[in-house]
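Okay, thanks for coming, everyone. Let me put the structure up and walk you through it.

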Amino acid sequence: MSAEVEEMLKRFQNIKNIIGIVVADYDGIPIKTTLENVQSVHLACHMHLLTEKARQVILDLDATNEFVSMRMRTSYFEIMLMPSDNYFIVVLQNPSD
């Protein structure tokens, strides 16, 4: 998992306007992050809850599908959420461009 996570971190850090990246386990605990600790814990906790809800909604709609990724845009950020088997990745991007 570590090599795969490091590769993803490098790939995302090269994208324009990336504010931060958090890799967290399914308990909502950050494993690797480019943000401050308080922000990472807060974001990982909320994204953990969102991941669980999104998986349940998708399974309720169609049991043959699975939750692969989500992209949300707010007034402040664009948030990309990508779950994996043992962890999920959250990428914050500045949506201004």
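So, two terms before we start: helices (H or I, at least four residues) and strands (E, at least two) are DSSP runs, numbered from the N terminus, and two strands pair if DSSP finds at least two bridges between them. This is a predicted model, where local features need pLDDT of at least 70 and side-chain atom pairs count only at pLDDT 80 or more, while totals for chains, interfaces and linings use all residues. Residues are numbered from 1 along each chain as its sequence is written, and side-chain values use heavy atoms, with hydrogens and water left out.

Now look at β1, residues 18-25, which is joined to antiparallel β2 by three bridges. Valine 22 sits opposite threonine 33 in β2. In that hairpin there are four residues between the strands, and glycine 28 takes a positive phi near 85 degrees.

How many aromatic pairs do we get, if rings of Phe, Tyr and Trp (its six-membered ring) pair when their centres lie within 6.5 Å? The count is one. The ring centres of tyrosine 26 and phenylalanine 88 are 5.6 Å apart with planes at 50 degrees, so this pair is tilted (under 30 degrees would be stacked, over 60 edge-to-face, and the rest are tilted). Tyrosine 26 is in the loop between β1 and β2 and phenylalanine 88 is in strand β5, so the pair ties together parts 62 residues apart in sequence.
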